[in-house]
Every structure is written in structure tokens, then in C-alpha cells.
Amino acid sequence: MLGKPAAFDFAVTSPLNSSTLHEASVTAGSAAHATEARKHQANDVKCAELGRVSIPVVVETYGCWGTEAKWALSQLASRLAMRLNSPKSTTTASLYGRLSITLVRANVRALLSRAISLDGF
């Protein structure tokens with residue numbers, strides 16, 4: 001994957017989805033893994049035609065990151081750390097912290113958009 005242009009495909013998936021619930025109850029990250037596989041199936045051929053490598057960046061709604069997302073974020077953190085002249089561990093922690101806050105905010109927005117009106121209370 002190194003040295004080739006990449007096409008990132010970001011996704012958030014729920015381990016509570018009926019198609020992944022059983023496996024997710026047994027294996028942490030299985031919903032993210034299943035989504036990564038679907039993303040590859042949908043995008044690999046198109047990306048190869050364009051001379052790019054497809055990299056799904058998937059996180060589960062409860063915060064478990066997919067294998068390829070962890071690899072991509074590690075690569076990004078390495079480059080940021082060099083540019084910022086800071087330790088990779090610090091940069092990685094900051095990156096995951098910011099992404100986690102973003103995920104929590106998105107989860108709250110999703111819940112609020114589906115909330116039942118409680119006008120009478």
C-alpha cells in the first residue's frame with residue numbers, strides 16, 4: 001500500500017446491525033471487519049482502474065476501529081509527528097482523542113434526530 005495513491009472510504013457501522021449482531025457479540029471489531037470487506041468488494045476494482053488503492057476507514061459506533069483504519073491512522077500519525085516534531089505516541093493519542101469526540105458528537109446527533117418529542121413532560 002505504501003507508495004501508491006490512496007482512496008479513503010470512511011464509514012461508521014453499528015455492531016447492533018442485525019447482519020452482524022451475532023458475530024459482534026462474540027468477536028470485538030467484527031462489524032468493522034465486515035464493513036471493510038464490503039467496502040473492498042464495492043471499490044477495489046474501481047480504485048485499481050484509477051491507479052489507487054482502496055482503504056476503508058471504519059469505526060464502530062461504540063468506538064472499535066477496523067484493522068485498516070488503525071493502519072491508516074498510524075501512518076497519518078507518523079507523518080504528523082514528523083511534521084510537528086512531536087512523539088508519535090502523543091500525536092496518535094491526540095488524533096484518536098479528536099476522532100473519538102467527533103464520533104460521540106455524531107452519535108448524539110443521530111440519537112437526537114430520532115428522539116421522540118417529550119413536549120408533555
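Figure 1. Helix α4 has 27 residues and reaches 39 Å from its first C-alpha to its last, close to the 39 Å expected at 1.5 Å a residue, where the expected span of a helix is 1.5 Å times one less than its number of residues. The model shown here is predicted, so that local features need pLDDT of at least 70 and side-chain atom pairs count only at pLDDT 80 or more, while totals for chains, interfaces and linings use all residues. Residues are numbered from 1 along each chain as its sequence is written, and side-chain values use heavy atoms, with hydrogens and water left out. Helices (H or I, at least four residues) and strands (E, at least two) are DSSP runs, numbered from the N terminus. The buried residues of α4 are Thr 91, Leu 95 and Leu 103, where buried means under 20% relative accessible area, exposed means over 50%, and partly exposed lies in between (1.4 Å probe, protein chains only). These buried residues of α4 pack against β1, β2 and α3, contact being defined as heavy atoms within 4.5 Å. Ile 101 is also found in helix α4, but at 46% relative accessibility Ile 101 counts as partly exposed. The C-alpha atoms of Ile 101 and Val 26, which are 75 residues apart along the chain, are separated by 26 Å.

**Figure 2. Helix α3 and its cover.** Helix α3 comprises 18 residues (residues 67-84), which at 1.5 Å a residue should span 26 Å, and its end C-alpha atoms are 25 Å apart, which agrees. The buried residues of α3 are Glu 68, Ala 69, Ala 72, Leu 73, Ala 77 and Ala 81. What covers these buried residues of α3 includes strand β1 (6-13), helix α2 (30-49), strand β2 and helix α4 (88-114).

Figure 3. Most residues other than glycine have a negative phi. With a relative accessible area of 73%, Asn 85 is exposed.

**Figure 4. Ser 54 in strand β2.** Ser 54 is found in strand β2 (residues 53-60) and is buried, with a relative accessible area of 5%. Leaving aside its neighbours within four places in sequence, Ser 54 is in contact with Ala 7, Lys 39, His 40, Asn 43, Asp 44, Cys 47 and Glu 68.

Figure 5. Ala 31 lies in helix α2 and, at 0% relative accessibility, counts as buried. Not counting residues up to four places away in sequence, Ala 31 touches Thr 13, Ser 14, Pro 15, Thr 20 and Glu 60. The C-alpha atoms of Ala 31 and Cys 47 are separated by 23 Å, the two residues being 16 residues apart along the chain. Asn 17 lies in the loop between β1 and α1 (21-26) and is partly exposed, with a relative accessible area of 36%. Although 14 residues apart in sequence, Asn 17 and Ala 31 are 8.2 Å apart in space, C-alpha to C-alpha.

**Figure 6. Ala 24 in helix α1.** The place of Ala 24 is in helix α1, and Ala 24 touches Pro 15 and Ser 30 when residues up to four places away in sequence are not counted. Pro 15 is also one of the residues that Ala 31 touches. The C-alpha atoms of Ala 24 and Ala 34, 10 residues apart along the chain, are separated by 10.0 Å.

**Figure 7. The whole chain, as a setting for the close-up views.** The protein has four helices and two strands, which follow the pattern β-α-α-β-α-α when read along the sequence. Its radius of gyration is 17 Å, well over the 14 Å that the globule rule gives for 121 residues, so the protein is more spread out than a compact globule; the radius is taken over C-alpha atoms, and the rule is 2.2 Å times the number of residues to the power 0.38. Along its principal axes the C-alpha trace spans about 60 × 35 × 30 Å. Buried residues make up 26% of the 121 residues.
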